[in-house]
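Good morning, everyone. Please bring up the sequence and the structure. I will go through a few parts of it in turn.

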Amino acid sequence: MIRVAWARLPEYLGQHVLISVSAIAIGFLISLPLAVAVSRIGWLRGPALAAASVVQTIPGLALLALFYPLLLALSVFTRHAFGFGFRALGFLPALLALTLYSMLPVLRNTVAALAGIDAAVLTAARGVGMTPRQSLWLVELPLAAPVIMAGLRTAAVWVIGTATLSTPVGQTSLGNYIFTGLQTENWVFVLFGCVAAALLALVIDRLLALAEDGFALRSRGRLLAAVAGLIIVVGASLAPLFGGEERPIVIGTKSFEEQYILGAVIGDKLDKAGFKTVRRDGLGSTVIFHALEAGDVDVYVDYSGTLWTTQMHRADMPGRKAVLGQLSAWLKTRGDRSVGTLGFENAYAFAMRRDKAKAMGIETLADLAAYAPRLKIGGDFEIFSRPEWAAVVKTYGLHFAAQRQYQANFMYSAVADGDVDVISAFSSDGRIAQYDLKLIGDPKQALPPYDAVLLVSPRHAGDAKLLAALKPLIGSIDLGTMQRANLMVDRSDDKKTPEQAAAWLARH
Amino acid sequence: MTPMIALEGVSLAYPGGQAAAVREVSLDVAEGTFFVLIGESGCGKTTTLHLINRLLEPSAGQVLIDGEDARKLDPVALRRGMGFIFQAIGLFPHLTVAENVGITPKLLGWPAPEIAARTDELLELVRLNPAEFRDRLPARLSGGQRQRVGLARALAARPKIMLMDEPFGALDPLTRDELSAEYRALHDRLGLTTVLVTHDMTEALLLADTIAVMRDGRIVQVGSPKELLSAPADDFVRSLIETPRRRAAELAKAVAP
């Protein structure tokens, strides 16, 4: 597993350094002049420092997430108003959020340092005939430099740490190890990501500390050493990003095991067909479709019912074939392309312990409705806000005593241990068999079908070579096979990586 | 002959409407004069000095430098043409002694070799060995050495006018006597016009060609040390001017057997 982690390091580290250094540099270039303005114009001080402090109180993940809808709305606006849009996902939202995050320490330190300069020195600066600008550049900023550098150090450590959270908005970072690791319970990955981010922060911090000493002790040697060190570290990290000329095919995955396995399966197929590929892992379920349309992701697997309800906003259920047919047509109008179905369904399906279901005589959701007010239901982070849930509630009149949300991994053990009575399971999940859960029937077809569909972005919709490479996957994975592959990754004994499960899947 | 510095009915009211810091001050300082402004703390003598190089602007009246209205001159150019030195000195802590001394020539755009030569010349003038002190930082200087560097910095761009605000106030008595005597000699040798602010009458009497006594923002009397001694304008001037003599008498009594 360490070997897999090492193999991804050049890309993850490079992207992490790219986003962090850009954010720190832009943040510094904004907050330094702002701090000078604040120290010159008294009334600016309160509002500027307060605004920067408020930004700091917003949790890093929330701040990053906030920029996605903001930029999406802005992009829609510019597309209408000026005829061009931009990518609301990936680098830009991460850059903006991290830039904001980096500003407070530099701002606060610079303001304090400038305010703390000996009044006699300032009088002398005027007395020897310096203009205000000369006083700033020749006297005030050099004297404030060590304190400003200390602020920059704090900002750098914060940003490098927080940048790990830019993975869910589609910016690759060392956070990819952590998020992927969390989803697949691959603790080696989680630890690897944490250690790598911490080491990077430590190295950058030490180099900036050297620069700070250089300023404080007026030692040109230290300053040069620090600058050289920073150039080497940043340059070496970024080098792999500029290696290949050809734009790689971006394979996207949502944040659960099946998606990681399918990502690896697709990657394997494309690698063998001679494509250069990269992975964007752990994207949110709506985010990933927008990413496909924006060209940030080129290939991924979605589920027909998900697109039917959340993207096409359809509430009717015309049946499995009709859903697929209309979905393909709809995708074509948007320039995306459905290559076809993989052969299995990963449907939302409600499940309970077999013994409990038997005792209550529950076979279908209609039977469940009578018991629901005394039962607790557990779901993943999405289900209760999805249209499918609203449809089920409406169709069967379901009202539970309590609702709990879990990470998908923990949901199955929660129902097995009796923490909740019913869960919103996924039909292809291997743990349904492992925990001997009973799937509850949906006779009124409130839930749509969820065929796994392979999607290609508008950019590659006409790429015959790519489509030919993907074609063999169509209809190649049945439900039983997918369940077994999923279980390999989910189970705690003889646990496999998604890559190993993908290799197994390829042989079956 | 036009005076080098002239103040005509100059007032400065600080915002807030309190008592004016300087009220209707008129002074003529002839070229080559060693002019001392004396008075108690808060009498407006430092404010008056700052009005001359436009660190402060008068709210009424005008300041003339060599016959020209100071308001029509660029304040930055004006300050570069005057030496300015004050008790706290304000050496730039991040610059070496040589860089401190050479700052005004550098701002004026002198070529580097000329600045270097001038810096060494000035360090010799204030009796600091250039080889030893040139590359030191101010933190590694004694109080007397710092004030010598401050003096060299003020003289660097060959000003005709020197403005000094209690320049020797923080020094130990021996250094102070030595440095003030040296400066008076420099004043004569370089043909400077000096305005020095102090509250020490002994210093004033020993250095000055002309003394102006200030009280509550006004000029009470202007004259040579001799004139002030022989004909003080009022009891305040009399008690002030007699301080050195009175203290000498007390001293004699105290040490008498």
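One term comes up again and again. A residue is called buried when its relative accessible area is under 20%. Over 50% it is exposed, and in between it is partly exposed. One caution as well: this is a predicted model.

Now use that term on a pair in chain A. Asp490(A) and Arg431(A) form a salt bridge, and their closest N and O atoms lie 3.4 Å apart. Are these two residues buried or exposed? Both Asp490(A) and Arg431(A) are buried. Look at where they sit. Asp490(A) belongs to helix α20, residues 479–490 of chain A. Arg431(A) belongs to helix α18, residues 431–434. So, what does the bridge join? It links distant parts of the chain, 59 residues apart.

Here is another bridge of this kind. Arg153(A) pairs with Asp205(A), with 2.9 Å between the closest N and O atoms. Again the pair ties together distant parts of the chain, 52 residues apart. Arg153(A) is in helix α6, and Asp205(A) is in helix α8, residues 187–216. Why does Asp205(A) count as buried? Because its relative accessibility is 13%, and the cut-off is under 20%.

Asp316(A) has 36% relative accessibility, so it counts as partly exposed. Arg314(A) has a relative accessible area of 25%, so this residue is partly exposed too.

Salt bridges can also join up. Arg8(A), Arg279(A), Asp281(A) and Glu499(A) are linked in a network of them. How many salt bridges are there over all chains? The search of the whole structure finds 34.

Now move to the place where the chains meet. How many salt bridges cross the interface of chain A and chain B? The rule finds zero. Polar contacts are there, though: five residue pairs between chain A and chain B, both residues at pLDDT 80 or more.

Turn to the helices on the chain A side. Helices α5 (119–127) and α6 (132–162) of chain A each supply at least two residues of the side that touches chain B. Which element gives the most? That is α5(A), with seven residues. By class, this side of chain A has ten nonpolar, five polar and two charged residues.

Now the overall contact. Chain A brings 17 residues to it, and chain B brings 19. The size of an interface is often given as the accessible area lost when the parts come together. Here the two chains bury about 1,600 Å² between them. Of that area, 69% is on carbon and sulfur atoms. Three residues stand out on the chain A side. Arg126(A), Val128(A) and Arg218(A) supply 32% of the area that chain A buries against chain B, more than any other three residues.

Last, chain B by itself. Chain B has twelve helices and ten strands. Its C-alpha atoms fill a box of roughly 60 × 55 × 40 Å along the principal axes. Why does its radius of gyration agree with a compact globule? With 257 residues, such a globule would come out near 18 Å, and chain B has 19 Å. Buried residues make up 51% of the chain. And of the contacts in chain B with a separation of 6 or more, 67% come from residues 24 or more positions apart.

That is my tour. Questions, please.

Terms used. Residues numbered from 1 in each chain as written. Chains lettered and ligands numbered in written order. Predicted model: local features only at pLDDT ≥ 70, side-chain atom pairs only at ≥ 80, totals over all residues. Heavy atoms only, no water. Contact = heavy atoms within 4.5 Å. Buried area = accessible area lost by both parts, 1.4 Å probe. Salt bridge = Lys/Arg side-chain N within 4 Å of Asp/Glu carboxyl O. Polar contact = N/O pair within 3.5 Å; in protein donor to acceptor, adjacent residues only side chain to side chain. Helix = DSSP H or I, 4+ residues; strand = E, 2+ residues; numbered from the N terminus. Nonpolar A, V, L, I, M, F, W, Y, C, P; charged D, E, K, R; others polar. Buried < 20%, exposed > 50% of the residue type's maximum accessible area, 1.4 Å probe, protein only. Rg over C-alpha atoms; globule rule 2.2 N^0.38 Å.
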